[in-house]
Structures are given as structure tokens and as C-alpha cells.
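Student: Hi! Could you walk me through this protein model in simple words?
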Amino acid sequence: MRANLATFLDDFRRHGDATAIVVYRGNRRIASTWAELAAMADRFAAELMRREIPMGERVVLWGQNGLAWMGAFFGCLQRGVIAVPLDPGGAADFANRVIENTRPRLVVGDEERLREIPGDVPRLAFDDFASALPQVPGRDLREAALTLDSPFQILFTSGTTAEPKGIVHTHRNVLASLDPIEREVPKYLKYERIFHPIRFLHTLPLSHVFGQFMGLWIPPLLAGEVHFENRLQAQRIVEMIHRERISVVCSVPRVLDLLRAHLLAAYPELAGAIAAAAGEKAWKRWWRFRKIHRLFGLKFWAFVCGGASLGSELEGFWTTLGFALVQGYGMTETSALITLNHPFKPGQGTIGKVLPGRDVKITDEGEILVRGDMVSGATWQQGALRKNESEWLETGDLAQKDEQGQLRFVGRKSQVIVTPAGLNVHPEDVEAALNAQAGVQASAVVPLLTPAGTEPVAVLLVRGGLEAAQQAVVAANRQLAEYQQVRQWRLWPELDLPRTSTGKIRRPKVTEWVNAQRMEGAEATADPLLALILSISHATPAKTGDDARLSEDLGLDSLGRVQLQSEVEQKLGLAVEDEALERAETLRDLRRALGLGEQESGMHLAAETAPVEAGRTLSGMGPPTKVGHPRHEHEEDTYPRWPWRWPFRMVRNGFLELVSQPLTRFLAAPRVERPGDFNPKGPVLLIANHVTTYDVPLVLYALPGRMRRRVAAAMAGDMLRDFRHMRNLGPAGLDYLGPGAYVLITGLFNAFPLPRSAGFRRSFQHAGEALDRGYNVLVFPEGHRTEAGLAAFRPGIGLLVKESGVPVVPVALAGLSELKRQGRGWFRSGRLTVRVGEPIRFGPEESPEDITEQLHDRLREMLERP
């Protein structure tokens, strides 16, 4: 066994310049090496020493996974300072109670989260690490007093709204789980070399014990890459697995359910093929589902699932497709794993065999009891560390052991409901909020078994019927954290809930009734949008009209909304922006956000007409309005990467310097105004007003040579499609020049499409890739040419700026509008001025709307300048 967990830093330094983590922020991909991670940990350790924070004191971490989070965590680890990780999506009230309880010497995290902490607690934002942390002094920063029994973190579970109770972990607790795995790994390294590096797609917060195990401890043993993704959109995840050549996905059951729903929607014949493949040999199933394996990429082979129980139906779906599905069983109190399914010999329907070094016994009631070095021996309560009285941990989980010694999870003895997202919902907290509402006589929150796992459902005894129940649920949800809010509810059909002789509610009876109702099934709906929502939420709603609330009636939580956004675009051919979906509270709001009419005899599109393309009804496409050559709805924009290759870069650079620049100087003779010390570090977004077809060369003319040779220009998607498809280019015969013009424009100006309506996310993704490669991205936010003044910006520019996280440089093409309005030519007029502004930086607290407004005002001011 290792001496302590700080020895992992030696592994980091040994892995050197190999990629350690990849973080996806907005439309950016940010990769960091093992050496950079070790350096960040050392710098944070030096900061702890500078602040005189000694061993045993606490530091709270509250932010998204990434280099800064891991650097702070391992910095604390080597100094013996106790880390207190908090869920980045958790409620501020809970975080503040934890901070009050633990009295940390420092809180680090995302800027927007730190602003939610009241008082004068010392804090440091992750974004400030690069400038604020001291440089490493060149000596070993490891605390000499570290031992296996030194506490290194306190994890507060996602449950109760009562006083927080933290689980204290020591180095020995974690290493007891890691040691048997670390001894087993060398046997497989000769096979791993063929597929090196193993890439893990990690969808869990590092404040979760399973997230830590698969994100902090396992990858360094293999020198693997960890790709952190917190946007759980099925199509995005599938594309990322394929593009990044991911080998293993680490997730909770809910993510597997999202991916399954995506596949079943994309391949309607898949459900029948799954049933037909039952009992076939592995190679036959692989061949039968080779299309699915190509979709994910041939390097992908396994899911590692934890954090909540996995339904047998969901497990069977993925194993039938030919993917390995590894389950482990553990708790926060056990610091990681109690049992593990062998990755190459998985036991279907089980949570695996007990790992070496831990004692497990099952009581007569079926409850799992655990003892061993991995079990936490202390908790943090009421501001102090308190030792546990018993060496045996009562898990509250029920299980059975089969003949092979594998455990089969049966259920939970306690009332806590673990959702498919791995969050603990305590029924008593939700019931207290419900029972406090007018008209509610009693309530019981019980588990509902769905294909994705266990979901909480509230059963209500209410005076006043459906309307009163609806009002009570909405009012109660205002008092609950997001993960606790009531998504599904039922009215109890009798005068009182079933009770014991002492007046306690018989929860098993209520649970049985709720699940029996689900098994009977809901009536089929002719409303495709409602059907889509219910397929995501697995709800059996009592209310399905346009007044039905997306959260309380239809069971659509925040994760479900992300999936809905993707599925709406794929299944219904409609686009909905993030802000509009977030504001939608009812089914009617959602229809309006999508531009759909209200449900009457069926769902239909609101009457809107486009000049060159018809709207799509839900039953199919309407006849196109033929104005010129019609543009087809299913045409996809192409996002070329070939202009980034070095031969094309050389040709483009030669064209810009030897042809475009001299020609612009000769024809337009524009005057250039830019700050004297203009030299932005790193890539930027360039925004300019749009006046003529030749605006791109004019903007490039005004930039320093280093910048203009590294520009990717966003152009109208429909125009580039017309070039590719040889249409709408003017007089007869010119259409045939379209493909050649497309290649020249794309290659010589590094152009990519920016759609005028739907499909922004793909365009933003391409812009992010260009920024990652060091290109400056040029955008015309008006979206069309404007002859007079400055038109309103499209709202998407603010979102693009926020997702990109880089400075914005405004460029004003002054004088062109006046010349066009006066009907005067601009050939060497001497009246054209290209003004380049100072880079503008925006903070994380600024909304896309505010960013858009500020950029519009700045560019207008530059245009109006004498």
C-alpha cells in the first residue's frame, strides 16, 4: 500500500507531458497535462503555506471539475489540509450551512458560486489561480507528518435539509479500495498498450465519492485521460465519445437512460433487434449491432456505472448491444467500493463480488453490514470531528448473495430515495414542505420504479382536488432545493393514507399502489410533444393539458430539459434556445417557445411563411414554396477543417499578404485606426458591422499581420450552401461556378457557416474548435448587410461570447454606409475608415443579453465617432 495519497503527485510528474484532463467549457476544449496538474497542485500548496493554513484546517472547494479544482484538491492533500468538496450545482443555502459548520480558512471555486457566500470568509476564484498563486519555490512541499490515518477530506452528502453531517475520509480509507485494483492493473498493462491512452468520459462532480474514484484515483494508474463533461445531452455525448475516441464512460444510471432513449429515437428498429438478439453469442451481437458500435467509435467498449442502483432492463439493453457494463457498490461512508463487477467477467444483474480487505455480512433482514479499512471512522458534526462508536457500518441497503458470491441489490431499508442522478432525496424533508401547504392533510414521498431507476413520487391527501394539489406542489417546490422538488405526484383515492396502529404511514402499501398504477400504463397521447416529454421523464401525469407544468405535472427536471432540447431538434425538426426553454413553465409556454400552436385537435405549427422554404408540420414536410431554387430543410451545413492543415495555411497566408492586402489598399485605400499597443495575447472574437460583400478583406486589412493570418470567418450558412449546391447565384450559368467559389472562399478566408436560424450549437462548436487551435473568429452579429446605421444584433452573439470565454475586439467599418446611401463609389474615396477597438472582457456574471447590448453600444459609438 502507498504511504499516502500525496504520492500520486509522483505519478503525475512521471507521466509528464501526456494529456491528463480535458475540460469542456461552453464551446471550448481545454486540455492539461499531468505535469501542469502537478505544477498547479504545488502552487496551491505554496499558497496554503503563504496564508499559514496548517495541517488539519479546512478548505472548501465549490466549482466545476477542472485543472483548478484538482490542483486545489491535491495541493491540500500534500499539505495535510482537509478539503471540503461541495456539489457545484448544489443549493447556496446548503453550502453556506456547511461553511458555517466547518469554519474553513479559505473557500475556492467558480466566481459565480463564491458570490453566493455571505460574510467575510476568505475566498479565491479558480479563474484567478494563474495570476494569484505563487510560483513553486523549488522544494518538496509535502507535509512530513502525513500518515495513512490523516484525514484529508469531509464529504457532505446531497440529502437532508437538517444540520449537515459530513463523512471524514482518511488516506487509509481510499487506499484500502485502491490497493487491490492497483495490484491487479499490471496484469493488463500489456493489453492496455494497444489502446493507450485509455480515455474516460467523466460525467460526475468530483464532490461525489464515485466521481472521485473514477476521476482522481483510477486514471493515474493507467496514465489515462479524463474528459470532464457536465452537459448531459445524449447526442453531444455520443459525438464526443466518437470524436475523442473515448474508451470508458463513467456515469450514473440516468445518463445511460438518456443515451438509450437517443438510440431508440435514432434507430426505430433497434428495440426489435434487441429482443431478437437475446441469447446470441457475443460476436454475433457485436456484428448485428455494428452500426451502433460505429456510431460510438470502435475504441469505445465500456460503461462504469455507480452512484445509484441500475435497473436490470437498462443493464440488459447495453450488454445486449455488446458493451461491457461494470457496476460497483459503495457509499460515501465506505470512501468508494465495497463490491465490484470484474470488467471482463461481469455478472449481469449483480453489483459484483466483495473486494479484498473488507468484511461484509448480510443480516437476517437482508441488510448489508460492512467492516474494514475503507469504512470511515468519523463524521463531522456541530463543528467538530466525532469518532464512530461501532466498527460495523449499517448500510441500510438490502441484498442477496448468489452461488458465485456476487451480491444482487434488492432495495433500501431506509426511506432515503437515491435518484438515477445519484442524489439522495429524504422523504421527510419533502413531506414537511408539502404538509405545510394549505389544504394538504397528509403526504408520503415514496420510490417509483422507472426504466431509468428509482424516482421519488409524492402521494397527497388533499382537500380541494386537483387544483388545490397543484397549488400545494408549486408552493412547496419554492421551499425545496432543485433536486428535492416534486416532479411527479398522485392523489390518494381513499379518505386517509394507510397507517399503522401508532399512526405511522405504511409506506410499503403506498409504494405498491404507486408502482401498480405505473404498470397499468398511461393512456396513449396523440400529442407528439407531450409524448416526447413523457418518454424522457417516465412520468404518468394526472394533468396533460396545455396548463400542465413541465416540472410538477410532467416530471421534467433540469437534466430532462437538456435532453428535451436535443430531442426536439432531432425528432420535431424545431430549435429552441436555452433561455426560452429555461423560462418555459407550462406545456403552453413550451409550445410558444417552439413556435407551435396550442393543442386542440392536434399539435400544429403557428402560421409562419418563409420566402424560400416551407415550415414542417409534425406529420411531415409541407410543399416548398418555389422561389428560385428552394432550399431543403434537411440540408446540413458543412464545417470544414481542411483549411487548418498546413499546406492550405501556407496558400492562404500567401494569398492574404500578396493578393488581398495589396488589392484592398489599391481599390479602397482605407484609413486604419487602432490602439498603438494593440497586441492581444491569445485568440479573440472579432465583431464587425456588415455593409458590403467585401467586409472580410477590409477587416483583415486593419489587423496586424500575426492576427489576420490566424482568422476564421463566420459567413451566412445559406449562402455557402447555395455555392455548394449550385443555385441562386444569379444569371444562368453562374450556378455552375458555385462549388469552385465555395472552395476558394472556404480555403482563402478560412470560412465556416453561421446559420441564420436553427443549428447555432454546431456552428458555435466549430468556432470553439477554431479558438482552441489559436484562430481569431470573425463574426458579423447583425446577420445581414445593413446600408444605414447599425442594425440590432442577433441574440446569439452574447451566448457565443459567453461560451467562448475570450476577449472581444470590435471592428467598425466607418464611411461605407454613407457612401452606399449617397450612391457614390468607394474606389479610393479616402472616406473609408476601419477602426479597431480595445479588447473587451466579460465576467461570468454577465448575461448573454447584457453582453449583446454592450457590444452593440460599443460598435455604434465607434461608428459615430467623427
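Predicted model: local features only at pLDDT ≥ 70, side-chain atom pairs only at ≥ 80, totals over all residues.

Student: OK, how many helices and strands does the chain have?
Tutor: The chain comes to 31 helices and 35 strands. Helices (H or I, at least four residues) and strands (E, at least two) are DSSP runs, numbered from the N terminus.

Student: And what percentage of the residues count as buried?
Tutor: Of the 866 residues, 56% count as buried. Buried means under 20% relative accessible area, exposed means over 50%, and partly exposed is in between, using a 1.4 Å probe and protein chains only.

Student: What about contacts between residues at least 6 apart in sequence?
Tutor: Of those contacts in the chain, 69% join residues at least 24 apart. Contact here means heavy atoms within 4.5 Å.

Student: Let's do helices. At what angle do α10 and α11 cross?
Tutor: Helix α10 (residues 234–243) and helix α11 (residues 253–266) cross at roughly 90 degrees, and their axes come within 9 Å. That makes α10 roughly perpendicular to α11. The axes are lines fitted to C-alpha atoms, for helices over the stretch in contact, and angles run from 0 to 180 degrees between N-to-C directions. Angles under 35 degrees count as roughly parallel, over 145 as roughly antiparallel, 65 to 115 as roughly perpendicular and the rest as oblique.

Student: Which residues make that contact?
Tutor: From α10 they are Ala234, Gln235, Ile237 and Val238, and from α11 they are Val255, Leu258, Leu259 and His262. By class, the contact of α10 with α11 has 6 nonpolar residues, 2 polar and no charged. Ala, Val, Leu, Ile, Met, Phe, Trp, Tyr, Cys and Pro count as nonpolar, Asp, Glu, Lys and Arg as charged, and the others, Gly among them, as polar.

Student: How do α26 and α27 pack?
Tutor: Helix α26 (residues 717–724) and helix α27 (residues 738–749) pack at an angle of about 130 degrees, with axes 6 Å apart. That makes α26 oblique to α27. Leu720, Phe723 and Arg724 of α26 meet Gly738, Pro739, Ala741, Tyr742 and Ile745 of α27. This contact of α26 with α27 has 6 nonpolar, 1 polar and 1 charged residues.

Student: New topic: how many aromatic pairs are there?
Tutor: The count comes to 24 aromatic pairs. Rings of Phe, Tyr and Trp (its six-membered ring) pair if their centres lie within 6.5 Å; planes under 30 degrees apart count as stacked, over 60 as edge-to-face and the rest as tilted.

Student: Can you show me one, and where are its partners?
Tutor: The rings of Phe12 and Phe74 have centres 5.0 Å apart and planes at 80 degrees, so this pair is edge-to-face. Phe12 sits in helix α1 (residues 8–15) and Phe74 in helix α3 (residues 67–79), so the pair links distant parts of the chain, 62 residues apart. Phe12 counts as buried at 0% relative accessibility, and Phe74 counts as buried at 0% too.

Student: Which ring cluster includes Phe12?
Tutor: Ring pairs link Phe8, Phe12, Trp34, Trp69, Phe73, Phe74, Phe152 and Trp217 into a cluster.

Student: Is α15 mostly covered or mostly open? Which of its residues are buried?
Tutor: α15 is mostly covered, with 8 of its 10 residues buried. They are Leu314, Glu315, Gly316, Phe317, Trp318, Thr319, Thr320 and Leu321. These buried residues pack against α11, α12 (270–276), α13 (282–288), α14, β12 and β13. Just after α15, Gly322 takes a positive phi of about 105 degrees.

Student: Last one: where does His169 lie?
Tutor: His169 lies in strand β8 (residues 166–170) and is buried, with a relative accessible area of 0%. The side chain of His169 reaches the backbone oxygen of Thr332 at 2.7 Å.

Student: And Arg487, buried or exposed?
Tutor: Arg487 counts as buried at 13% relative accessibility. The side chain of Arg487 makes polar contacts with the side chains of Glu482 at 2.6 Å and Ser551 at 2.7 Å. A polar contact is a pair of N or O atoms within 3.5 Å; within protein, one must be able to donate a hydrogen and the other to accept it, and residues adjacent in sequence count only if both atoms are side-chain atoms.

Methods:
Residues numbered from 1 in each chain as written. Heavy atoms only, no water.
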